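Work through the exercises below with the sequence and the 3D structure open beside you. Try each task before reading its solution.

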Amino acid sequence: MFNKKIMQKAILLSEKNIENGGGPFGAVIVKDGKIIATGCNRVTCNNDPTAHAEVTAIRNACKKIGDFNLAGCEIYSSCEPCPMCLSAIYWARISKLYYGNTKKDAAKIGFDDSFIYDELEKKPIERAIPASQHLRQEAIMAFKKWEKNDSKIKY
């Protein structure tokens with residue numbers, strides 16, 4: 001269930017992060033009504049293009065609980081997640097997402113992800129970063145090993 005105070009914390013994190021040299025994004029992860037992790041956009045501070053608020057919060061939450069599966073958790077984000085962050089939220093199996101600003105709001109201040117959504121619709125070879133497949137027969141061997149691995153941890 002939505003918690004106004006937790007959303008306000010995500011928003012406050014986004015504002016304070018600007019003062020700390022980061023981008024205007026904050027995220028909070030909650031489990032059983034308790035905050036287990038927070039994150040802010042640290043892309044330029046850490047020279048890490050993946051250090052978005054949601055990804056940072058997910059990393060911190062996984063570290064805290066000692067598991068990559070965040071099922072049963074909720075994430076509060078100051079902004080609608082970008083494609084990378086939304087994918088991370090799905091991979092982490094977070095159960096609910098609440099956000100403040102929209103992706104259109106973000107685009108208005110220079111954080112426009114529409115080109116990524118457009119790129120995903122194109123054939124790999126037609127994308128701005130052209131992609132082509134090579135050495136599949138060699139690469140598939142790792143997948144075959146994985147299938148036979150009795151000690152694998154499924155995710």
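**Exercise 1. Count the helices and strands, and give their order along the chain.**

Solution. Step 1: the protein has seven helices and four strands. Here helices (H or I, at least four residues) and strands (E, at least two) are DSSP runs, numbered from the N terminus. Step 2: starting at the N terminus, the order of elements is α-β-β-α-α-β-α-β-α-α-α. Step 3: the C-alpha trace spans about 50 × 40 × 30 Å along its principal axes.

Two notes apply throughout. The model is predicted: local features need pLDDT of at least 70 and side-chain atom pairs count only at pLDDT 80 or more, while totals for chains, interfaces and linings use all residues. Residues are numbered from 1 along each chain as its sequence is written, and side-chain values use heavy atoms, with hydrogens and water left out.

**Exercise 2. Work out how strand 1 pairs with strand 2 and with strand 3.**

Solution. Step 1: two strands pair if DSSP finds at least two bridges between them. Step 2: strand 1 and strand 2 meet this in the antiparallel sense, over six bridges. V28 has T38 in strand 2 as its bridge partner. Step 3: look at the connection. The two strands form a hairpin with two residues between them, and D32 in the turn has a positive phi of about 55°. Step 4: strand 1 also pairs with strand 3, in the antiparallel sense, over five bridges. There, I29 stands opposite I75. Step 5: check the cover. Five of the six residues of strand 1 are buried, where buried means under 20% relative accessible area, exposed over 50%, and partly exposed in between (1.4 Å probe, protein chains only). For the whole protein, 31% of the 155 residues count as buried.

**Exercise 3. Describe the unit made by strand 3, helix 4 and strand 4.**

Solution. Step 1: strand 3 (residues 73-79) and strand 4 (residues 96-101) pair in the parallel sense over five bridges. S77 has Y99 in strand 4 as its bridge partner. Step 2: with helix 4 (residues 83-91), these strands make a right-handed β-α-β unit. A crossover is right-handed if, with the strands pointing away from the viewer, the path from the first strand over the helix to the second runs clockwise.

**Exercise 4. Find the nonpolar cores and say which elements supply the largest one.**

Solution. Step 1: a nonpolar core is a set of buried Ala, Val, Leu, Ile, Met, Phe, Trp, Tyr and Cys residues joined through side-chain atoms within 4.5 Å. Step 2: the largest core has 18 residues, and those with the most contacts inside it are I29, I36, I58, A61, L70, I75 and I94. Step 3: strand 1, strand 2, helix 3 (53-65) and strand 3 each supply at least two residues of this core. Helix 3 gives the largest share, five residues. Step 4: take I94 as an example. Leaving aside neighbours within four places in sequence, I94 is in contact (heavy atoms within 4.5 Å) with I29, I58, L70, C73, E74, I75 and I89. Step 5: a second, separate core of nine residues includes A10, V28, V30 and Y98.

**Exercise 5. Classify two aromatic pairs, F2 with Y98 and F25 with F111.**

Solution. Step 1: rings of Phe, Tyr and Trp (its six-membered ring) pair if their centres lie within 6.5 Å; planes under 30 degrees apart count as stacked, over 60 as edge-to-face and the rest as tilted. The whole structure contains six aromatic pairs. Step 2: the rings of F2 and Y98 have centres 5.4 Å apart and planes at 65°, so this pair is edge-to-face. F2 lies in the segment before helix 1 (4-19) and Y98 in strand 4, 96 residues apart. F2 is partly exposed at 43%, whereas Y98 is buried at 12%. Step 3: F25 and F111 are also edge-to-face, with 4.9 Å from centre to centre and 85° between the planes. F25 is in the loop between helix 1 and strand 1 (26-31) and F111 in the loop between helix 5 (103-108) and helix 6 (114-121), so the pair ties together parts that are 86 residues apart in sequence. F25 is buried at 12% relative accessibility, and F111 is partly exposed at 35%. Step 4: ring pairs link F2, Y76 and Y98 into a cluster.
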